[in-house]
Amino acid sequence: MNVIMRRALTGAMALSLAAPLAACGSDHQDAGAGKDHIGLLLPESKAARYEKFDRRIISARIASLCLECKVDYHNAEQQVDAQKRQFDALVTKGVKVIILDPVDAEAAKSWVDSAAKKGVKVIAYDRLAEGDVAAYVSYDNEKIGRLQGQGILAALGSQAAASDVVMMNGSPTDPNAPSYKKGAHDVLDGKVHKIVYEKSIPDWSAVKAKKEMSDLIDARGPAGFDAVYSANDGMAGGIAEALKSAGIKNVPLGGQDAELPALQRLVAGTQSFTIYKEVRPEAETAAEIAFRLLRGKSITSLTSATAQSKSKSGIPAQLFKAQIVTRKNMKDTVVRDGVVRTDLLCADGLSAQCKSLGLN
């Protein structure tokens, strides 16, 4: 056999051997690609916090704990089907720990249970997913609702007992929304004259909240209510627009999340309060729990409480506290903690109001 033929045969054999080896390597990669990955599934990007804070803080904390770890991040953009595909893809990839903030807590039950049977640890983040979750990190949501109720009463002052209140509650698919609602009712019921209208707003939509408010104003008239409870700041933005369009001023309006537009409304006087939930401790705790579960370590020191869902009790949990933010304490809360820069807060023609509040 001449040299040219030997080289040709050798090359052909190498190629024939390489093909199955490559295929095996591909299969192996699919099965074990997620070994040092931590999944992070967030529900939407309408609320500024998820992309700006939660994702960044969780990723940074995991990177500081584990050089070889990678955060496998996806956002569902409020679509349940999209989040299910993202979740299933992580499990198929071999990811063993997933931080999940569910779009729909009940819909997630079957995915979480199926993953748990395969040894996947799911950390319910911010919202308590149904199913066999390994841990839960969030805030005491009934207390947040009570703070919101207290904010409405404080804004109404001595007129509270004679006041009619509108309640725009959170999304029906968010397990936190009933807790906010219950907490708010615990404070408002019996302390105001009447809850004259109440509605749960799908997807926490500012557009839908604005329409509901506009329709209510048309039905009841500008004097048909005295205050508006909004379960979050995004919806409060839509409600504020509806009030402005109708020429309604000085109606107490509350929200939640301490988003920049809401804080600007506080400065301008078109929103009475928001609820400040410091994201950093929540996000960093979730990240550390995820790392410990990935490495098979105890999470007892990070979970000082327990939680209960419809499908599981005794869930190891860490629940943080929140606080009311008003015009008067903005400087000593969100500004002090670096949640918002004063140059951004005081933009859009708010310089004079900021000066009066000592913010610039």
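This is a short tour of a predicted model, stop by stop, with something to select at each one.

**Before you start**

Residues are numbered from 1 along each chain as its sequence is written. Because the model is predicted, local features need pLDDT of at least 70 and side-chain atom pairs count only at pLDDT 80 or more, while totals for chains, interfaces and linings use all residues; side-chain values use heavy atoms, leaving out hydrogens and water.

**Stop 1: the whole chain**

Show everything as a cartoon. You have 13 helices and 13 strands to look at; these are DSSP runs numbered from the N terminus, with helices being H or I of at least four residues and strands being E of at least two. The C-alpha atoms fill a box of roughly 105 × 45 × 40 Å along the principal axes. Of the 360 residues, 49% are buried, where buried means under 20% relative accessible area, exposed means over 50%, and partly exposed lies in between (1.4 Å probe, protein chains only).

**Stop 2: an open sheet**

Now select β6, β7, β8 and β9. In what order do the 4 strands of this open sheet stand? The order is β7-β6-β8-β9, with parallel pairing; two strands pair if DSSP finds at least two bridges between them. β7 (194–200) and β9 are at the edges with a single partner strand each, so one side of each has no neighbour in the sheet. Strands of a sheet pair through backbone hydrogen bonds, either parallel or antiparallel.

Zoom in on β6 (residues 164–169) and β8 (residues 227–230), which are joined by 4 bridges. Pick M167, and you will find its bridge partner Y229 in β8.

**Stop 3: a helix over the sheet**

**Stop 4**

Show side chains at the contact (heavy atoms within 4.5 Å): among the residues involved are I144, I152 and L153 of α5 and Y180, A184 and V187 of α6.

**Stop 5: S163**

Which loop holds S163? S163 is in the loop between α5 and β6. At 3% relative accessibility, S163 counts as buried. Leaving aside neighbours within four places in sequence, S163 touches L156, V192, H193, K194 and D226.

**Stop 6: positive phi angles**

Select Q78, in the loop between β2 (70–75) and α3 (80–93). Phi of Q78 is near 70°, a positive value in a residue other than glycine, and Q78 is buried at 9% relative accessibility.

Next, go to A258, in the loop between β9 (253–254) and α9 (260–268). A258 is not a glycine either, yet has a positive phi of about 55°. Is A258 buried or exposed? With a relative accessible area of 7%, A258 is buried.

**Stop 7: helix α9**

Finish on α9, where A262, L263, Q264, R265, L266 and V267 are buried. What covers these buried residues includes α8 (233–245), β10 (274–276) and β13 (323–325), along with α11 (331–335), α12 (342–345) and α13 (351–356). After α9 comes G269, with a positive phi near 90°.
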